Amino acid sequence: MSRTTTAFTIGIKEQARNYVLVALLVVLPVSFITLAFAVTQDVEMPVRTLVDGETVTVMRGMPEVHGVIMTPITSALIAGLAGLFLMREAKDTDGRLAVAGYRARQVITARFGVLAAITLIVTGVSVGVMLVDFQPEHLWWFVAAMLVVSVTYGLIGMLVGAVFDRLAGMWLMLILPMLDIGLFQDPLFIQSEPEWWMKLLPGYWPVRVMVDTGLTTDVDTTLSLVWATGYLLLVAVLTIGVYYRITQEK
Amino acid sequence: MAGLPSMPTVEAIPIELGRLLGAIFGVAIIAGLMGLAQMISARAADRRLVQTGYPPRTLLATRLAALGGVTVVVAAVNYGVLWLTISPGAPVLTFVFLVLAGLVYAFLGALVGALLPRLFEGSLVVVFLAMMDAFLSGDSPLAADVPEFVEYFPLYHPKELLQEAMFQGTYTTGDLGFVAGYLLVLLVLVTAVFGVTMRTSGGWSA
């Protein structure tokens with residue numbers, strides 16, 4: 001077994017023993033997503049989205065819109081906390097791996113591999129729970145945007161973990177996705193052109209894709225997914241740099 | 001919630017309701033976390049004070065007084081923010097009902113602290129509890145089709161009282177009685193839990 005595989009396997013076992021993360025994974029999707037579909041008033045709501053390349057307002061059921069928004073919130077929240085936990089653990093231990101002979105890229109691959117694996121599981125569970133109540137018009141586009149936003153928030157969780165301790169970091173990672181996706185990107189709340197600073201938030205491009213591919217029959221947000229992926233790559237480069245620096249300090 | 005637009009198909013008044021829910025949620029979450037922190041620090045320190053001769057009753061009274069004081073301050077801040085955007089029909093009643101909502105969550109936080117005496121895990125429980133409670137009890141269009149047992153949630157009746165005091169300047173005695181009963185039950189539970197936590201004979205201190 002290679003060193004990277006060993007570090008990856010240990011990292012996965014470590015996270016599987018993190019009962020806070022496991023409890024969130026079990027409780028949150030049902031209590032956020034299923035509940036959103038179950039209790040939202042069944043009325044039609046205006047939703048701004050792209051249709052044939054133009055921003056138009058279409059009428060959609062409020063439970064569907066609410067459910068489409070709660071799914072990425074759930075996923076981003078859990079992935080963000082996972083990233084936070086990973087970075088806190090990395091700060092404590094990964095410097096020692098370097099002393100034991102690990103190369104930086106082996107540790108980085110293992111740690112980011114763990115984050116990717118957790119994000120895949122979180123996204124899978126969130127989308128799976130959503131599918132019980134709602135079928136997006138273009139499932140795989142929707143899943144792609146979900147993955148991008150979840151990984152982005154996982155990496156942001158790592159960045160937060162580099163600066164703040166577990167408690168302060170948890171507060172930040174609870175608030176960030178709620179405000180970003182649940183308020184500033186939610187078409188139920190923002191019914192006109194978003195402010196410029198809302199477009200800089202991590203949820204802007206992926207949620208555009210999710211609203212489009214979840215609620216309309218045509219895919220008009222290919223470019224938005226490209227922008228979302230670019231945003232993700234930028235955050236990834238920043239996180240790798242911060243991670244490298246932090247573990248080197250030990 | 002305050003960002004909710006006017007919805008012609010929805011009967012409630014989303015913006016004002018959103019502000020009201022924000023205020024009650026803000027009070028509940030901060031008071032709940034204070035209750036949690038109080039109980040955790042009580043576990044860490046007060047047992048030693050009992051061993052040095054402090055009566056547990058005095059310690060509990062000071063803890064509850066501190067909790068009550070902080071809740072009043074938190075309610076005052078939230079009331080002030082609310083007052084900037086809405087003129088309450090009955091200002092004093094509105095403030096008192098915000099305090100009551102805070103006290104309910106302060107006691108709940110203390111109970112969570114007794115069962116889960118770790119700040120990280122405990123605060124997660126308090127946050128999600130308050131979040132789900134405010135969401136389901138909120139009578140908002142996003143949580144309109146809720147089951148009847150939501151009436152027994154901690155924030156349901158305080159929210160009813162607050163809503164009535166804010167928009168009509170009155171209150172319903174039944175709601176007030178329910179909140180008073182809720183507080184009494186929680187107070188008894190907190191006292192019992194505190195008593196168990198302070199027990200020093202026959203075992204090691206935590």
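User: What makes two residues count as being in contact, and how many of the contacts in chain A join residues 24 or more positions apart?

Analyst: Two residues are in contact if their C-beta atoms, placed from the backbone, lie within 7 Å. In this predicted model, among the contacts in chain A with a separation of 6 or more, 78% are between residues 24 or more positions apart.

User: What share of chain A is called buried?

Analyst: A residue is buried if 20 or more other C-beta atoms lie within 10 Å of its own, and 46% of the 250 residues of chain A count as such.

User: Which elements make up chain A, and in what order do they run?

Analyst: Chain A has eight helices and two strands, and from the N terminus on they follow the order α-α-β-β-α-α-α-α-α-α.

User: How many residues does each chain give to the contact between chain A and chain B, and which element of chain A gives the largest share of its side?

Analyst: Chain A and chain B each bring 19 residues to the contact. On the side of chain A, two or more residues come from each of helix 2 (19-39), strand 1 (44-51), helix 3 (62-99) and helix 6 (166-184), with helix 6 of chain A giving the largest share, five residues. By class, that side of chain A has twelve nonpolar, five polar and two charged residues.

Conventions
Residues numbered from 1 in each chain as written. Chains lettered and ligands numbered in written order. Predicted model: local features only at pLDDT ≥ 70, side-chain atom pairs only at ≥ 80, totals over all residues. Helix = DSSP H or I, 4+ residues; strand = E, 2+ residues; numbered from the N terminus. Nonpolar A, V, L, I, M, F, W, Y, C, P; charged D, E, K, R; others polar. Buried ≥ 20, exposed ≤ 12 C-beta atoms within 10 Å, placed from the backbone.
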